[in-house]
Amino acid sequence: MARRTKRLWTDEEKRSICFQTTAPGVSVAQVARRYAVNANLIFKWLRDARFAPAPLAGGCSPEGVQFLPVEIVQDPRELPAAPAAPAAEVGRIEIELAGGQRMRITGRYDPEALARLIRGLMA
């Protein structure tokens with residue numbers, strides 16, 4: 001009888017294989033066949049937080065992603081000081097970042113998308 005050898009997968013290989021299961025139209029079984037591994041093993045890896053691919057921010061689909069209108073200012077000292085906006089003004093936000101830069105968002109925007117953007121800038 002031939003002796004079977006157990007394949008040892010690195011953490012990076014497991015992450016890569018798990019990430020491939022998130023592609024649209026790709027099943028876990030297809031990825032398992034590609035790597036000659038049992039699909040149940042991939043499902044086990046997907047349950048492990050170390051290898052599971054990160055969900056899209058906010059759990060939204062790529063079709064629901066929107067760009068925010070953002071103005072990047074090179075030198076904030078060149079801008080006149082912005083007066084305090086009245087509480088009734090809707091649709092304009094100005095954020096001063098730690099480096100002295102300002103980010104202005106005008107018009108309609110998704111508050112959750114803005115919160116994700118700010119969290120991303122803080123990271």
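From the N terminus on, the elements of the chain follow the order α-α-α-β-β-β-α. In this predicted model, the secondary structure amounts to four helices and three strands. The chain has 123 residues, of which 19% count as buried. Among the contacts in the chain with a separation of 6 or more, 45% are accounted for by residues 24 or more positions apart.

The packing of two helices is considered next. Helix H1 spans residues 11–20 and helix H3 spans residues 39–47. The axes of these two helices come within 10 Å and cross at roughly 100°. An angle of 65 to 115 degrees counts as roughly perpendicular, and H1 and H3 are therefore roughly perpendicular to each other. On the side of H1, the residues that meet H3 are Lys14, Ile17 and Cys18; on the side of H3, their counterparts are Ile42, Trp45 and Leu46. Sorted by class, the contact of H1 with H3 comprises five nonpolar residues, no polar residues and one charged residue.

Helix H3 also contains phenylalanine 43. With a relative accessible area of 39%, phenylalanine 43 is partly exposed. Between phenylalanine 43 and alanine 29 there are 9.8 Å in space, C-alpha to C-alpha, and the two are 14 residues apart in sequence.

The aromatic side chains provide further links along the chain. A pair of aromatic rings is described by the distance of the centres and the angle of the planes. The count of aromatic pairs comes to two. In one of them, the rings of tryptophan 9 and tyrosine 35 have their centres 6.2 Å apart, and their planes stand at 80°, so the pair is edge-to-face. Tryptophan 9 lies in the segment before H1, whereas tyrosine 35 belongs to helix H2 (residues 28–35), so this pair ties together parts that are 26 residues apart in sequence. Tryptophan 9 has a relative accessible area of 16% and is buried, because buried residues are those under 20%. Tyrosine 35, with a relative accessible area of 28%, is partly exposed.

Tryptophan 9 and tryptophan 45 form an aromatic pair that is likewise edge-to-face, with 5.9 Å centre to centre and 70° between the planes. As tryptophan 45 lies in helix H3 and tryptophan 9 in the segment before H1, the pair ties together parts that are 36 residues apart in sequence. Both tryptophan 9 and tryptophan 45 are buried. Through these ring pairs, Trp9, Tyr35 and Trp45 are linked into a cluster.

The loop between H2 and H3 holds alanine 36. Although alanine 36 is not a glycine, it has a positive phi of about 55°. The relative accessible area of alanine 36 is 72%, and the residue is exposed.

Glutamate 71 has its place in strand E1, which covers residues 70–72. At 39% relative accessibility, glutamate 71 counts as partly exposed. When its neighbours within four places in sequence are left aside, glutamate 71 is in contact with Arg102, Met103 and Arg104. Strand E3 is formed by residues 102–106. Glutamate 71 and methionine 103 are 32 residues apart in sequence, yet 6.1 Å separate them in space, C-alpha to C-alpha.

Arginine 108 is located in the loop between strand E3 and helix H4 (111–122). Its relative accessible area is 83%, and arginine 108 is exposed, since the cut-off for this class is over 50%. Arginine 108 and proline 69 are 39 residues apart in sequence and 8.8 Å apart in space, C-alpha to C-alpha.

How values were computed:
Residues numbered from 1 in each chain as written. Heavy atoms only, no water. Axes fitted to C-alpha atoms, helices over the stretch in contact; angles between N-to-C directions. Parallel < 35°, antiparallel > 145°, perpendicular 65-115°, else oblique. Contact = heavy atoms within 4.5 Å. Nonpolar A, V, L, I, M, F, W, Y, C, P; charged D, E, K, R; others polar. Buried < 20%, exposed > 50% of the residue type's maximum accessible area, 1.4 Å probe, protein only. Phe/Tyr/Trp six-rings, centres within 6.5 Å; stacked < 30°, edge-to-face > 60°.
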